[in-house]
Amino acid sequence: MLIFKVYLDLSLIINRLIRFNLHEYNSTQPIVFIEAADPDEACFKAIFNLIQIILKQDDSIQSRLLCRSIREDMRIIKISCQ
(Lines give C-alpha, C1' and ligand atoms only; values in the text may rest on other atoms or scores of the structure.)
Protein backbone atom coordinates (compact mmCIF):
# COMPACT_ATOMS: atom_id res chain seq x y z
CA MET A 1 0.00 0.00 0.00
CA LEU A 2 1.18 3.47 -0.88
CA ILE A 3 0.33 6.82 0.68
CA PHE A 4 -1.20 9.28 -1.77
CA LYS A 5 -1.62 13.02 -1.33
CA VAL A 6 -5.01 13.95 -2.84
CA TYR A 7 -5.81 17.59 -3.63
CA LEU A 8 -9.57 18.23 -3.73
CA ASP A 9 -11.69 21.15 -4.88
CA LEU A 10 -14.81 21.56 -2.74
CA SER A 11 -15.51 25.18 -3.64
CA LEU A 12 -18.86 24.34 -5.27
CA ILE A 13 -20.19 22.43 -2.24
CA ILE A 14 -18.56 23.90 0.87
CA ASN A 15 -21.50 26.26 1.52
CA ARG A 16 -23.92 23.30 1.68
CA LEU A 17 -21.69 21.54 4.24
CA ILE A 18 -21.37 24.29 6.85
CA ARG A 19 -23.51 22.45 9.44
CA PHE A 20 -21.16 19.45 9.47
CA ASN A 21 -17.83 19.05 11.25
CA LEU A 22 -15.69 18.02 8.26
CA HIS A 23 -12.32 17.58 10.03
CA GLU A 24 -9.55 17.65 7.37
CA TYR A 25 -12.07 18.47 4.60
CA ASN A 26 -12.99 21.80 6.22
CA SER A 27 -11.71 24.13 3.46
CA THR A 28 -12.42 24.83 -0.19
CA GLN A 29 -9.26 23.02 -1.32
CA PRO A 30 -8.29 20.40 1.26
CA ILE A 31 -5.28 18.12 0.98
CA VAL A 32 -5.95 14.59 2.22
CA PHE A 33 -3.49 11.74 2.78
CA ILE A 34 -4.91 8.36 1.75
CA GLU A 35 -3.41 4.88 1.94
CA ALA A 36 -4.30 2.92 -1.20
CA ALA A 37 -2.98 0.46 -3.77
CA ASP A 38 -3.34 2.76 -6.79
CA PRO A 39 -4.39 6.36 -7.63
CA ASP A 40 -7.94 5.36 -8.60
CA GLU A 41 -8.51 3.75 -5.23
CA ALA A 42 -7.05 6.81 -3.48
CA CYS A 43 -9.48 9.12 -5.29
CA PHE A 44 -12.40 6.87 -4.42
CA LYS A 45 -11.37 6.69 -0.76
CA ALA A 46 -10.93 10.47 -0.50
CA ILE A 47 -14.50 11.06 -1.67
CA PHE A 48 -15.88 8.09 0.28
CA ASN A 49 -14.29 9.33 3.53
CA LEU A 50 -15.98 12.73 3.19
CA ILE A 51 -19.35 11.10 2.60
CA GLN A 52 -18.82 8.81 5.61
CA ILE A 53 -18.02 11.83 7.82
CA ILE A 54 -21.28 13.47 6.78
CA LEU A 55 -23.41 10.36 7.22
CA LYS A 56 -21.95 9.55 10.65
CA GLN A 57 -23.11 12.95 11.88
CA ASP A 58 -26.57 12.89 10.30
CA ASP A 59 -28.04 9.76 8.71
CA SER A 60 -31.29 11.34 7.55
CA ILE A 61 -32.73 11.13 4.06
CA GLN A 62 -31.87 14.78 3.44
CA SER A 63 -28.21 14.06 4.20
CA ARG A 64 -28.21 11.03 1.93
CA LEU A 65 -29.64 13.12 -0.92
CA LEU A 66 -27.06 15.81 -0.19
CA CYS A 67 -24.25 13.24 -0.40
CA ARG A 68 -25.58 11.99 -3.70
CA SER A 69 -25.68 15.51 -5.16
CA ILE A 70 -22.26 16.65 -3.89
CA ARG A 71 -20.45 13.64 -5.38
CA GLU A 72 -20.92 15.20 -8.81
CA ASP A 73 -19.59 18.60 -7.73
CA MET A 74 -16.39 17.44 -6.02
CA ARG A 75 -13.22 17.52 -8.11
CA ILE A 76 -9.81 15.95 -7.74
CA ILE A 77 -7.28 18.61 -8.67
CA LYS A 78 -4.12 16.60 -8.31
CA ILE A 79 -2.82 13.39 -6.81
CA SER A 80 0.75 12.49 -5.93
CA CYS A 81 2.47 9.54 -4.32
CA GLN A 82 4.51 10.14 -1.17
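**Entry 1. Arg75**

Is Arg75 buried, partly exposed or exposed? I looked up its relative accessibility and found 47%, so Arg75 counts as partly exposed. I noted the cut-offs: buried means under 20% relative accessible area, exposed means over 50%, and partly exposed lies in between, with a 1.4 Å probe and protein chains only.

**Entry 2. Basis of the values**

I recorded that this is a predicted model, in which local features need pLDDT of at least 70 and side-chain atom pairs count only at pLDDT 80 or more, while totals for chains, interfaces and linings use all residues. Residues are numbered from 1 along each chain as its sequence is written, and side-chain values use heavy atoms, with hydrogens and water left out.

I located Asp9 in strand S1, which covers residues 2-9. Strands (E, at least two residues) and helices (H or I, at least four) are DSSP runs, numbered from the N terminus. Asp9 is buried, at 10% relative accessible area.

Which residues does Asp9 touch, leaving aside those up to four places away in sequence? I listed Thr28, Gln29, Asp73, Met74, Arg75 and Ile77. Contact here means heavy atoms within 4.5 Å.

I also found a polar contact of 2.8 Å between the side chains of Asp9 and Ser11. A polar contact is a pair of N or O atoms within 3.5 Å; within protein, one must be able to donate a hydrogen and the other to accept it, and residues adjacent in sequence count only if both atoms are side-chain atoms.

**Entry 3. Salt bridges**

Side chains of opposite charge can pair when their charged atoms come close. A salt bridge requires a side-chain nitrogen of Lys or Arg within 4 Å of a carboxyl oxygen of Asp or Glu.

How many salt bridges does a search of the whole structure find? I noted five. One of them joins the side chains of Asp9 and Arg75, at 3.3 Å from N to O. Asp9 lies in strand S1 and Arg75 in strand S3 (residues 75-81), so this pair ties together parts that are 66 residues apart in sequence.

I next examined Glu41 and Lys45, whose side chains meet in a salt bridge of 3.3 Å, N to O. Both are in helix H1 (residues 39-57), and because they are four residues apart, about one helical turn separates them. Glu41 is partly exposed at 26%, and Lys45 is partly exposed at 25%.

Finally, I looked up Arg64 and Asp59, which form a salt bridge of 2.8 Å, N to O, through their side chains. Arg64 is partly exposed at 46% relative accessibility, and Asp59 is partly exposed at 47%.
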